Amino acid sequence: MKTFRVIGIALMAVLMCVNFTACSEDDPTGDSSTNHLSNANKLAKVMQYDIENNKKELNDIIRFEYDKNGNVVKIHEIDGSDADDIYITEYIWDSNKSITSYWENDEYIKYTLTNNQITDILMHEYVWYTGTRELDEDFYRCTYDKDGNLIKIWWKDNEEDEYELMNEQTWNNNQLSMAKDYDYEHVITLHYDNKTCKNFFPLLADYIVNNGFSDDYIFMAQPELLGVRTSKLPSKIIDGSCIISFDYELNTYGNVTSCTVNKLYSDDNLSYDYFYEFIWE
């Protein structure tokens, strides 16, 4: 199974160890009418840092631009060490029917929407495996429970084939407790200490969906598109010998403004620290 290029997320450096991207600041205000809850703040910017010897080093800045309906239309990823190194991803919305993002001329990813959630995904790109340019497509299908929570992701690499189950999530009282990845053959468990926020935790999709399209930073700002928008904040995620711990800071409105992440590999006794800042508007 190949991975989607979009932008290598550094928080997959934290669960599957994902990387991150950025977004823009002059977005229209007002309640959204399409995919956001009313009166909810929009995520404007994410800054991701590595921590070594108690010093923070800026890795990425991610800024989001929105349309008048509160939907992401452009994402800017800025290299923290080089402000001139910017990668921009644009999204074309066809009303509430689909979202398409082009990254290399005729290469694109298309999300088909049903009731404002992604049900089908097409990755359309070209590869050079045999020395010649060949079309390579991946098809995904997402299913949800009655509360709109993501419960299964299916995959196939040919339109005529049958879908295979690739990823499965378990929710208890709208709280994500487990994710099984059949492609990588592992199970992720999530643990909580009753901490919640006003809106949502922007990094959650990266932890529970280990495939190419989850690298798309749009799910940091609009997790409801994939059925992973929740106010419950995990205190710990366990993936085999990897233990990921979270420490949050919230503002007076209840939004997560920062998160310190520790990733411990118990087998090798290796530990890595990351810090994220979230700007809301």
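Which residue in β9 is the bridge partner of M123? D138 is that partner. The legends below describe a predicted model, in which local features need pLDDT of at least 70 and side-chain atom pairs count only at pLDDT 80 or more, while totals for chains, interfaces and linings use all residues. Residues are numbered from 1 along each chain as its sequence is written, and side-chain values use heavy atoms, with hydrogens and water left out.

**View 1. The protein chain as a whole.** The secondary structure comes to 2 helices and 17 strands; helices (H or I, at least four residues) and strands (E, at least two) are DSSP runs numbered from the N terminus. Of the 281 residues, 51% are buried, where buried means under 20% relative accessible area, exposed means over 50%, and partly exposed lies in between (1.4 Å probe, protein chains only). The chain exposes about 13100 Å², of which carbon and sulfur atoms supply 43%; the areas come from the Shrake-Rupley method with a 1.4 Å probe, and for residues only the protein chains shown count as cover. Among contacts with a separation of 6 or more, 47% involve residues 24 or more positions apart, a contact being heavy atoms within 4.5 Å.

View 2. β8 and β9 run antiparallel and are joined by 8 bridges; two strands pair if DSSP finds at least two bridges between them. These two strands form a hairpin with 6 residues between them, and G131 in the turn has a positive phi of about 90 degrees. β9 is also joined to β10 (residues 150-156) by 6 bridges, again in an antiparallel arrangement. Here W155 in β10 is the bridge partner of Y140. The β9 and β10 hairpin has 5 residues between its strands, with G148 in the turn at a positive phi of about 85 degrees.

**View 3. Salt bridges.** The model has 4 salt bridges, each defined as a side-chain nitrogen of Lys or Arg within 4 Å of a carboxyl oxygen of Asp or Glu. One of them joins the side chains of R133 and D106 at 3.0 Å, N to O. This pair links distant parts of the chain, 27 residues apart: R133 is in the loop between β8 (117-127) and β9 (134-144), and D106 is in the loop between β6 (98-104) and β7 (107-114). R133 counts as partly exposed because its relative accessibility is 42%, and D106 counts as partly exposed at 31%. Another salt bridge is formed by D147 and K146, whose closest N and O atoms are 3.5 Å apart. D147 counts as partly exposed at 46% relative accessibility, whereas K146 counts as exposed at 79%.

**View 4. The E224 and R229 pair.** The closest N and O atoms of this salt bridge are 3.1 Å apart. Are the two residues buried or exposed? E224 counts as buried because its relative accessibility is 12%, and R229 counts as buried at 15%.

**View 5. Nonpolar cores.** A nonpolar core is a set of buried Ala, Val, Leu, Ile, Met, Phe, Trp, Tyr and Cys residues joined through side-chain atoms within 4.5 Å. The largest has 61 residues, and F64 and F213 have the most contacts inside it. Another core, of 5 residues, lies apart from it and includes Y49, I61, I78 and F275.

**View 6. Surroundings of E65.** E65 lies in strand β2 (residues 55-66). The side chains of E65 and H76 make a polar contact at 2.8 Å; such a contact is a pair of N or O atoms within 3.5 Å, and within protein one must be able to donate a hydrogen and the other to accept it, with residues adjacent in sequence counted only if both atoms are side-chain atoms. K42 is 23 residues from E65 along the chain, and their C-alpha atoms are separated by 9.7 Å.
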